[in-house]
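Let's take a friendly look at how charged side chains pair up in a protein chain. Keep the structure in view as you read.

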Amino acid sequence: MSDQRLAGKRYTMRLLKRLERFIILTIIMLFIGNYSVKKSNVLRIVVLFNIIVFLLWTITGETVHATNSQELKILWKEYGDYPIPYGDDKLNRFSYYEIIDILNPPAEVLDSFTVNELAELVLKYPLMNEMLGIADSDMPIYFSSLEGNSTIFQELLWREGGIEALLEIYNSLSLDVEGLNHYDNIVVAFTEVPSFREEIFVHLFCSYISN
């Protein structure tokens, strides 16, 4: 199956799941709302308000409601993306080994990603700042460690066309060099400008695989 069809199938399944949830909760809302007509107006308003809040929470499924590492890891199945994005405060709430586990999707989710999606996820890796301060001569150690810690990076390297997909994204990047001049600190620029992170990562990776 092509990358486009795989991505479309996964998107459709997520959409159907949310639609099913929406229909069920809407029926419940209508039933209770109809019942509460027989009660006081205050009770009806309270009941309907609570149901609407719950409905919105269920549909959006914000990750803020996940409180432990296992709850966060399960979110991979819902969103197909990192449960904790780059720069999120949650990165400081767990041990390093817990973070590594959270950032690795379940096997069935990993297998479902297309090559292009794997490349995009690699460039969004929440622990990419680990490369800061590493000497160029030590980059082989960094990428070797990344391959050991990130199943997404590992899968991308194993997949046919994986490196090419990474380079394709790299070639499409539009880095605002003039905008970077406003940053006095390269670490701040690395943290706040995603395209800058991506460009540095791919540049160093290309140097790594060419040696």
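## Glu 108 and its partner

In this predicted model, Glu 108 is partly exposed, with a relative accessible area of 47%. Its partner in a salt bridge is Lys 77, and the closest N and O atoms of the pair are 3.2 Å apart. Glu 108 sits in helix α5 (residues 107-112) and Lys 77 in helix α3 (residues 69-79), so this contact ties together parts that are 31 residues apart in sequence.

How accessible is Lys 77? Lys 77 is partly exposed, with a relative accessible area of 47%.

## A link between two loops

Now find Asp 81 and Lys 124, whose side chains meet in a salt bridge at 2.8 Å, N to O. Asp 81 belongs to the loop between α3 and α4 (96-102), while Lys 124 belongs to the loop between α6 (115-122) and α7 (139-149). The two residues are 43 residues apart, and their pairing links distant parts of the chain.

Asp 81 counts as partly exposed, at 26% relative accessibility. Lys 124 is also partly exposed, at 37%.

## Asp 88 and Lys 90

Another salt bridge joins Asp 88 to Lys 90, with the closest N and O atoms 3.8 Å apart. Is Lys 90 buried or exposed? Lys 90 has 8% relative accessibility, so it counts as buried, because buried means under 20%. Asp 88, in contrast, is partly exposed, with a relative accessible area of 23%.

Note on methods. Residues are numbered from 1 along each chain as its sequence is written. This is a predicted model: local features need pLDDT of at least 70, side-chain atom pairs count only at pLDDT 80 or more; totals for chains, interfaces and linings use all residues. Side-chain values use heavy atoms; hydrogens and water are left out. A salt bridge is a side-chain nitrogen of Lys or Arg within 4 Å of a carboxyl oxygen of Asp or Glu. Helices (H or I, at least four residues) and strands (E, at least two) are DSSP runs, numbered from the N terminus. Buried means under 20% relative accessible area, exposed over 50%, partly exposed in between (1.4 Å probe, protein chains only).
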